[in-house]
Amino acid sequence: MSASFLNNWETQVRKGLVELCILNILSRQELYGYDIVRALIESGGIVTSEGTIYPLLSRLRREGLIEATLIESDRGPARKYYRLSPRGRSTLKQMNHLWGDIAASVGESRGGNSE
Amino acid sequence: MTRATITMNRQAELRWSTYLEEIRLALQPLPQQEIEDIVEELESHLCSDVDTQGSRLSEQDIAALIARLGSPRHMAEAYGIQAPSEQPIAALDLALLFASLLLLLVSLLIPGVGPLLLIAGAVLARTAMQKSTVMSSPYRYLGYPVLVVAYMVLAVICLLWPLMPVLPVAATGGLLSTLYPESATSMAKDSGQYWNTVWSVAAIVTGLWWLLSSVLISSRDKFLQRLLQPFTNRDALPVATLCLVLRWAGAVLAATALAVFIINKPF
């Protein structure tokens, strides 16, 4: 397997999963962009480039899965706090269910293969 | 409002504002409000980073933060904007580039209007370069030859202009008779001693001009950064180093020329 194939595959997998991770993080508490980035980094380095979180947040907001509130900060510009919308919550439930199925089927396809 | 609470040095501030400018440029296809929202998010990210680090930001800190945030191109791709190199060249960019090349040719063929056309060509090329999202390489100025020529001419004029009034006057024999009426008659205009003295005077003036330039440049840092932006690829220009080089070169040139002048003894 070539390195470029592996890199490309990894990027695709990460891209698909970061949205799920963001929604899961926001299902627990309301956070602003920087905190979401920190949480993602702490959860095992699923994020390679911090800046790309903002486009994802923007897309999730456009899809109506998350909502944002601008809160003034005395330490710089106003911070945009994100939380899960009711629609996001039900979508997240389905996504987690789907991910469970996918992870199970990947595990099954591997069988006893530990490579 | 935004930057007031962040402490960073001048180079770091320049690096950060350049990055945001590049982000704006890369995200141009998006609605303006959305671009401003993104930039505000990045400003907020920076503030949070400062809060975490709790110290004054250096240029290295900003460079590290930018590396973590990702390149403007990378971010544009994340917003679903096609990579600049894959975009068709905008008709306006191409037209401006051709117009500037045409002006360069005409300016070479007709010397009388050359300087004016060269300036117009350089302005057109610089506008095209700023609007273009096609070439993001550090050597993108090579795609705009008229701009390179105009800046080279400008650099030569800025550095060597003191020679321009001195040498023509000297060629007519008027320089030394103006400076030292009694000695000029004793020195033949076409003698080696005469021209050594002329060159010495010109070099002393040039050296002093370089010394003065270093002072002027250090007080006009931002202007110089903006002027040379097409060639620095928006990185911070090492103005302090440039001033140091000019100062030393000016001092050495003026001192050497003064020594030659004294050895020549035109009096």
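Among contacts in chain A between residues at least 6 apart in sequence, 49% join residues at least 24 apart; contact means heavy atoms within 4.5 Å. The model is predicted, so local features need pLDDT of at least 70 and side-chain atom pairs count only at pLDDT 80 or more, while totals for chains, interfaces and linings use all residues. Side-chain values use heavy atoms, without hydrogens and water, residues are numbered from 1 along each chain as its sequence is written, and chains are lettered from A and ligands numbered from 1 in the order in which they are written.

Chain A has four helices and three strands. Helices (H or I, at least four residues) and strands (E, at least two) are DSSP runs, numbered from the N terminus. Along the sequence, the elements of chain A run α-β-α-α-β-β-α. Of its 115 residues, 37% count as buried. Buried means under 20% relative accessible area, exposed over 50%, and partly exposed in between (1.4 Å probe, protein chains only).

Helix α1 of chain A spans residues 3-28 and includes E19(A). E19(A) is buried, at a relative accessible area of 16%. Its side chain makes a polar contact with that of R59(A), at 2.3 Å. A polar contact is a pair of N or O atoms within 3.5 Å; within protein, one must be able to donate a hydrogen and the other to accept it, and residues adjacent in sequence count only if both atoms are side-chain atoms. Neighbours within four places in sequence aside, E19(A) is in contact with L56(A), R59(A) and L60(A).

The rule asks for a side-chain nitrogen of Lys or Arg within 4 Å of a carboxyl oxygen of Asp or Glu. One of them joins E10(A) and R14(A), at 2.7 Å from N to O. These two residues are four apart in helix α1 of chain A, so about one helical turn separates them. E10(A) is partly exposed, with a relative accessible area of 32%. R14(A) is also partly exposed, at 21%. A network of salt bridges links E30(A), E67(A) and R83(A).

A further salt bridge pairs R38(A) with E50(A), at 3.1 Å from N to O. R38(A) lies in helix α2 (residues 33-42) of chain A and E50(A) in the loop between α2 and α3 (53-62), so the pair ties together parts that are 12 residues apart in sequence. R38(A) is partly exposed, at 24% relative accessible area. E50(A) counts as buried, at 4%.

E50(A) also meets R68(B) in a salt bridge, at 2.8 Å from N to O. This pair crosses between chains, from the loop between α2 and α3 of chain A to helix α3 of chain B. R68(B) is partly exposed, with a relative accessible area of 28%.

Across the interface of chain B and chain A, the rule finds three salt bridges. Another pair is R62(A) with E34(B), whose closest N and O atoms are 3.1 Å apart. On the side of chain B that touches chain A, the elements giving two or more residues are α2 (32-53), α3 (59-69) and α4 (72-78) of chain B. The largest share, 13 residues, comes from α2(B). The residues of this side divide into six nonpolar, eight polar and eight charged. Here Ala, Val, Leu, Ile, Met, Phe, Trp, Tyr, Cys and Pro count as nonpolar, Asp, Glu, Lys and Arg as charged, and the others, Gly among them, as polar.

In total, 22 residues of chain B are in contact with 23 residues of chain A. The two chains bury about 1,900 Å² between them, 50% of it on carbon and sulfur atoms. Buried area is the accessible area (1.4 Å probe) that two parts lose on being put together, summed over both.

E34(B) is found in helix α2 of chain B. E34(B) counts as buried, at 17% relative accessibility. Leaving aside neighbours within four places in sequence, E34(B) is in contact with S58(A), R62(A) and Y79(B).

In α3(B), the residues I62(B), L65(B), I66(B) and L69(B) are buried. Seen down the axis of α3(B), its buried residues fall within an arc of 100°, so they line one face of the helix. The arc is that of the directions from the helix axis to the C-beta atoms. The face turned away from the buried side of α3(B) carries the exposed residues Q60(B) and A67(B). G70(B) follows α3(B), with a positive phi near 100°.
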